[in-house]
Amino acid sequence: MTRVIVTGGAGFIGSALVRHLVGDLGFETLVIDKLTYAGDLAALAPVSSSPLYRFVQADICDSAAVRATIADFQPDAIMHLAAETHVDRSIDGPADFIRTNILGSFCLLEAAEAYWRGLSEPARSRFRFHHVSTDEVFGALGDTGTFHDHSPYDPRSPYSASKAASDHLVRAWYHSFNLPVLITNCSNNYGPYHFPEKLIPLMILRGLAGDDLPVYGDGSNVRDWLHVEDHARALAQVMLRGVPGESYLIGGNAEKTNLAVVETLCDLLDRDVPRKDGRSHKEQICFVADRPGHDYRYAVDASKIRRELGWEPRHDFASGMEATVRWYLENGDWLEARKASGYRGERLGLSVG
Ligand code: NAD
């Protein structure tokens, strides 16, 4: 298996995946990406001069462009990551989430199925359609328990509802049309090239600027954190060795409250870039109105992918956060350029409630 299409390959996770497929595995990889505000060609610069890498700027809702690109490239697998992804934006304006995450996934499934039907038998049995989804489709947990691959769907935000809808469509294409699909549902990712509207890069950016560090509610919401490069390796394992029709949950077994994450960042900033006044960055933390419908806790049981596919994360939370903060400190130009691309660090997602 050597030829892979990655939709959303200019995004945070997509670009980590493409760097892994091209740089580590030597796979011919074609990115389809619309380059929305979240797309970033700089994140693909490490592989952009490789003869294994190609890029097509297209909207996944553009059936003709998607079909032509698939027919031209003749992939062995399509890994589908293109999506609108920011929960707060989905509260302010759900339309793009419905369009890209649901209609776009439908367009891609139709194009993939038509291509797959035209393949020779050996190529048909090799082909995989891999949908990259989120643990947020399962809703919120209380203080105990974990999500597993048979957890009921219970999405709460327009973002998670649109991802749940696309998971259901992908599963329908398996049962109704036999398309060999795989679904992965992953917990929260962190790492390099993360658009600075998301918690970790936003806090680093604001911490360095001496601004307030706004934590939603009382900071007690819990997320399970995974380094994006561990997610990319997990995705490649599932695409290569996963069983069609199956779902795999991916998580770092690193549950942290949002407040603990921000305090860890402050400790690392205090050590590496101490404030001129000698005080801790923790003094910049403030508590702001909670996100409407903020899910209390997510935690993932990733034992299936560990047991069946032998995947293990390489970073634990401490080493991953340390590497991440170091990357942002060494790539201040990238962070400033992303900030200049339109987002000024303002609070999103309060248009209701
Ligand atoms: P991202 O927002 O960083 O990147 C999304 C990419 O998709 C961008 O490059 C954007 O230009 C592209 N895109 C958006 N709409 C498009 C369209 N209509 N046509 C073509 N391209 C389009 O997202 P991410 O954080 O890298 O997430 C990637 C996938 O992983 C998403 O499907 C998301 O739901 C899922 N996921 C993310 C996380 C996380 O913690 N970030 C966790 C689990 C699952």
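**Close-up views of a predicted model**

**View 1. The second largest pocket.** The second largest pocket holds about 160 Å³ of space. A pocket here is an open set of points on a 1 Å grid over the protein atoms alone, where a 1.4 Å probe fits and protein lies on both sides within 12 Å along at least five of seven lines; lining residues have an atom within 4 Å of a point. Points are joined across faces, edges and corners, and the volume is the space filled by probe spheres set on them. This is a predicted model, with local features needing pLDDT of at least 70 and side-chain atom pairs counted only at pLDDT 80 or more, while totals for chains, interfaces and linings use all residues. Residues are numbered from 1 along each chain as its sequence is written, and side-chain values use heavy atoms, with hydrogens and water left out.

**View 2. Who lines that pocket.** Helix H1 (12–24) and helix H8 (228–241) each give at least two residues to the lining; helices are DSSP runs of H or I, at least four residues, and strands are runs of E, at least two, numbered from the N terminus. H1 has the largest share, with five residues. Among the lining residues are Arg 19, Asp 24, Glu 229 and Arg 314. By class, the lining splits into two nonpolar, two polar and five charged residues.

**View 3. Around the ligand.** There are 29 residues around the ligand, and Ile 13, Asp 33, Thr 85, Tyr 159 and Lys 163 come nearest (near means a heavy atom within 4 Å). A side-chain N or O atom of Asp 33 sits 2.6 Å from a ligand oxygen, and a polar backbone atom of Gly 11 is 3.0 Å from an oxygen of the ligand. Over at Asp 59, a polar side-chain atom lies 3.0 Å from a ligand nitrogen. On its own the ligand exposes 840 Å², and the protein buries 96% of that (Shrake-Rupley areas, 1.4 Å probe).

**View 4. Phe 73 in helix H2.** Phe 73 belongs to helix H2 (residues 63–73). Phe 73 counts as buried because its relative accessibility is 1%; buried means under 20% relative accessible area (1.4 Å probe, protein chains only). Ile 5 is 68 residues away along the chain, yet its C-alpha is 8.2 Å from that of Phe 73.

**View 5. Thr 134 in strand E5.** Thr 134 lies in strand E5 and, at 6% relative accessibility, is buried too. Its side chain makes a polar contact with the side chain of Asp 135 at 3.5 Å. Such a contact pairs N or O atoms within 3.5 Å; within protein, one must be able to donate a hydrogen and the other to accept it, and residues adjacent in sequence count only if both atoms are side-chain atoms.

How values were computed. Ala, Val, Leu, Ile, Met, Phe, Trp, Tyr, Cys and Pro count as nonpolar, Asp, Glu, Lys and Arg as charged, and the others, Gly among them, as polar. Buried means under 20% relative accessible area, exposed over 50%, partly exposed in between (1.4 Å probe, protein chains only).
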